[in-house]
Amino acid sequence: MSGFKQADHKLLVIPGPIEFSDSVLLANATPGTAHTSPAFIPVFGETLKLLRKVLLSSEESESQPILIAGSGTMGWDAVGVNLVERGDEAVVLNTGYFGDSFADCLEAYGAKVTQVKAEVGGIPTDDAIISALSSKPKLITITHVDTSTGVLSPAKHITSLVKKHSPETLVILDAVCSVASEEIRFDDWGLDMVISATQKGLGAPPGLSVVLASKRAVEVSENRKTPQQGYYISWKKWIPIMKNYEAGKPSYFATPPVQLIYALNTSLKFIASKDISELYEAHKAASKYIKDELSSMGLDFVPKSRDIAANGMTAVRFPKGSTAPDVLPKLAERDIVVAAGLHKAIITEYFRIGHMGVTAVDRSRGDLEKVIKGIKEVLGKN
């Protein structure tokens, strides 16, 4: 099976799921294996350690990686179940669709949510953030990359504002579309929780909720005054399981997706095999290439400036007079799949291109060049 090659298919360049390497897909085809198997236990344990490494967190910090069957969205529920008690104040920094949804989720668990909203394509101002922190909220959420706008929030800077103006506030980074494509330094920045998923920069098929929680966040969960408002994603259930697997011991609460963990392990080993800064630079280079080429065609972007534009995706406006039906089906005819707009305020005005994982890192594949060639042909820009 060492010569495995995935079937021919249309090039998938949406903001997730992304293209997967042959080695990751082969790992995902691991035969039926018990989650308590001596073969699987060290793989799961290593995967947890690698996740901590990729997010630049040390074992000494006592941060806790948690991998559970589910989507990235389940990370929001993990916040609600484990960290929110009814009546707690939460601040949601809103740069698009996913800020709205995160706020809805926290409100479902009884949080009193204050949203700090940016203009479409922008980020909240420092003054607005500082004002929202004046009430000393229990937690603040940052959508690192909102895929509805392609906006990259300055997570390091925002975290520094929190540390200065409300140091007890937990900092939650929604990094579903930024882990392994944007710089994240968990320990150095003082983050309390990173939420992610496997099907974007982490380069594995969808189906795993990915979380890294700080020692402080875990302690807040353990010391809550009221019972948790959930069962399946309770850290009381899962953290002992994760600790056991990392220590090389079989453990059980609910069955983990064994094959997905093999796939993620393969991808994480590739990511961790190089200096993480090389990974960031590869995504920056891919982003620059795509955005420069689109700019040369006279196209504009949803983010108000390149300084706050994501490196793992691009939200680009249609040329005047064009809409999704004029462009997306024609790209699909050329075996290129991009994503339509998502933000309701501008949903017909733009489309989205993903350039994460192997598409960005392995330039010999020619994925980016194929996308640009296709767009030029469809728009008559040759």
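Colleague: Which helices each supply at least two residues of the lining of the largest pocket?
Modeller: Those are α1 (22-28), α10 (258-272), α13 (358-361) and α14 (367-379). Keep in mind that this is a predicted model.

Colleague: Thanks. Which helix gives the most to that lining?
Modeller: That would be α10, with 4 residues in the lining of the largest pocket.

Colleague: And what is the volume of the largest pocket?
Modeller: The largest pocket has about 500 Å³. Its lining is made of 29 residues, and Q6, F20, S21, V358 and R365 are the ones nearest the centre.

Colleague: How do the lining residues of the largest pocket divide into nonpolar, polar and charged?
Modeller: There are 11 nonpolar, 10 polar and 8 charged residues in that lining.

Colleague: What about the second largest pocket, how much space lies there?
Modeller: About 290 Å³. The second largest pocket has 17 lining residues, with L152, E182, E183, K284 and N311 nearest its centre.

Colleague: Where does the largest share of that lining come from?
Modeller: From α11, which contributes 4 residues to the second largest pocket. Both α6 (155-165) and α11 (276-296) supply at least two residues there. By type, the lining of the second largest pocket splits into 6 nonpolar, 5 polar and 6 charged.

Colleague: OK, on to sheets. What is the strand order in the open sheet of 7 strands?
Modeller: The order is β2-β10-β9-β8-β5-β3-β4, and the pairing is mixed. At the edges are β2 (64-69) and β4 (112-117), each of which pairs on one side only. From one strand to the next, the twist averages 20°.

Colleague: Remind me, how do strands pair in general?
Modeller: Strands of a sheet pair through backbone hydrogen bonds, either parallel or antiparallel.

Colleague: In which sense do β3 and β4 pair, parallel or antiparallel?
Modeller: Strand β3 (residues 89-94) pairs with β4 in the parallel sense, over 6 bridges.

Colleague: How many residues of β10 are buried?
Modeller: 6 of the 6 residues in β10 (residues 208-213) are buried. L208, V210 and L212 point one way, while S209, V211 and A213 point the other way.

Colleague: Why do they point in two directions like that?
Modeller: In a regular strand the side chains alternate between the two faces of the sheet.

Colleague: Switching to helices, how far does α4 reach?
Modeller: Helix α4 (residues 97-108) has 12 residues and reaches 17 Å from its first C-alpha to its last, close to the 16 Å expected. Its buried residues are G99, S101, F102, A103, C105 and L106. Just after α4, G110 has a positive phi of about 90°.

Colleague: Which residues have a positive phi although they are not glycine?
Modeller: L56, at about 55°, and E62, at about 65°, are examples. L56 sits in the loop between α2 (41-54) and β2, and E62 is also placed in the loop between α2 and β2.

Colleague: Last one: which residues does a cis peptide bond join?
Modeller: G16 and P17, with omega at about 0°. P17 is in the loop between β1 (11-12) and α1.

Notes. Residues numbered from 1 in each chain as written. Predicted model: local features only at pLDDT ≥ 70, side-chain atom pairs only at ≥ 80, totals over all residues. Heavy atoms only, no water. Expected span 1.5 Å × (residues − 1). Buried < 20%, exposed > 50% of the residue type's maximum accessible area, 1.4 Å probe, protein only. 1 Å grid on protein atoms, 1.4 Å probe; cavity = no way out; pocket = protein on both sides within 12 Å on 5 of 7 lines; lining within 4 Å. Points joined across faces, edges and corners; volume = space filled by probe spheres on them. Nonpolar A, V, L, I, M, F, W, Y, C, P; charged D, E, K, R; others polar. Pairing = 2+ DSSP bridges. Axes fitted to C-alpha atoms, helices over the stretch in contact; angles between N-to-C directions.
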